[in-house]
Amino acid sequence: MANNRKLEQHVALFGESGSGKTVLVSSFYGATQEPVFIHHNLFDVVADDVGQGNTLRRNYLGMRNSSALPMADRFHPKSYSFSIKLKRNEVVGKKAKGAINALHMVWHDYPGEWFEGETSSPEEERSKIETFKALLQSDVAVVLVDAQRLIDNKGSEESYLKYLFGNFRSTLLSMQDKIITDDKKLVEFPFDCLFHGRGAVI
């Protein structure tokens, strides 16, 4: 029987509107479709949803060729699913019992406006709750900070960051009873965070 074990990892993207969440996932996927990546790596990165993959690829090319940022998709959460597989010639002859030969990676994105204002309808509120449940149950959390906002707050960067994380905390606390419905605390929170901004990694 062929071994086809997969490891699944969920990545939560946290950030305000315009902080670069879609830029980051587009850059990740787009770069893996470049010939230099394909020819020099032992694995392929495949978008599970072909339409999403095409959109991310267009975003990447627009940024690379014209410095054009992706169009904002306000109030619509998205999850991007990728399969990272060893190339066929690397799999042939590999018979190690229990070996992982593919990684399934899911990036959870959400509208940054949800950290900046109230939802506009019961449907949007339900979507917000379900999205934040997925974010908090992810394996890795990535926090994005807009570099331009840091520049705009030159000399008071610490105050801006305190405001940013305070805003995240307040929003999550306001939803606590709706997110944790079985009276059980989250055993583990994905707190390995990358601070990223447009044009800068902090």
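Predicted model: local features only at pLDDT ≥ 70, side-chain atom pairs only at ≥ 80, totals over all residues.

User: In what sense do β3 and β4 pair, and over how many bridges?
Analyst: β3 and β4 are antiparallel, with eight bridges. Two strands count as paired if DSSP finds at least two bridges between them. Strands are DSSP runs of E with at least two residues, helices are runs of H or I with at least four, and both are numbered from the N terminus.

User: How many residues of β4 are buried?
Analyst: Seven of the eight residues in β4 (residues 102-109) are buried, so the strand is largely enclosed by the rest of the structure. Buried means under 20% relative accessible area, exposed means over 50%, and partly exposed is in between, with a 1.4 Å probe and protein chains only.

User: Switching to α3. What does that helix reach from its first C-alpha to its last?
Analyst: α3 covers residues 50-66, 17 residues, and reaches 24 Å, close to the 24 Å expected at 1.5 Å a residue. The expected span is 1.5 Å times one less than the number of residues.

User: Which residues of α3 are buried, and what covers them?
Analyst: The buried ones are Gly53, Leu56, Asn59, Tyr60, Gly62 and Met63. Their cover includes α1 (21-32), β2 (43-47) and β3 (78-86).

User: And what follows α3?
Analyst: Ser67 does, with a positive phi near 55 degrees.

User: Now the largest nonpolar core. Which residues touch the most other members?
Analyst: Among its 18 residues, those are Phe14, Tyr110, Phe115, Phe132, Leu135 and Phe168. At least two residues of this core come from each of β1 (6-14), α5 (122-136), β5 (140-144) and α7 (157-174). α5 gives the largest share, four residues. A nonpolar core is a set of buried Ala, Val, Leu, Ile, Met, Phe, Trp, Tyr and Cys residues joined through side-chain atoms within 4.5 Å.

User: What does Tyr110 touch?
Analyst: Not counting residues up to four places away in sequence, the contacts of Tyr110 include Leu13, Phe14, Pro77, Phe115 and Phe132. Contact means heavy atoms within 4.5 Å. There is also a second, separate core of 16 residues, which includes Tyr29, Tyr80, Ile84 and Trp107.

User: How many salt bridges?
Analyst: Five, where a salt bridge is a side-chain nitrogen of Lys or Arg within 4 Å of a carboxyl oxygen of Asp or Glu. In one of them, the closest N and O atoms of Arg149 and Glu16 are 2.8 Å apart.

User: Where do Arg149 and Glu16 lie?
Analyst: Arg149 lies in α6 (residues 147-152) and Glu16 in the loop between β1 and α1, so the pair ties together parts 133 residues apart in sequence. Arg149 is partly exposed at 28% relative accessibility, whereas Glu16 is buried at 3%.

User: What about Lys162 and Glu158, buried or exposed?
Analyst: Lys162 counts as exposed at 58% relative accessibility, and Glu158 counts as exposed at 56%. Their side chains meet in a salt bridge (3.4 Å, N to O). Lys162 and Glu158 are four residues apart in α7, about one helical turn.

User: Which residues are linked in a network of salt bridges?
Analyst: Glu34, Arg57 and Arg64.

How values were computed. Residues numbered from 1 in each chain as written. Heavy atoms only, no water.
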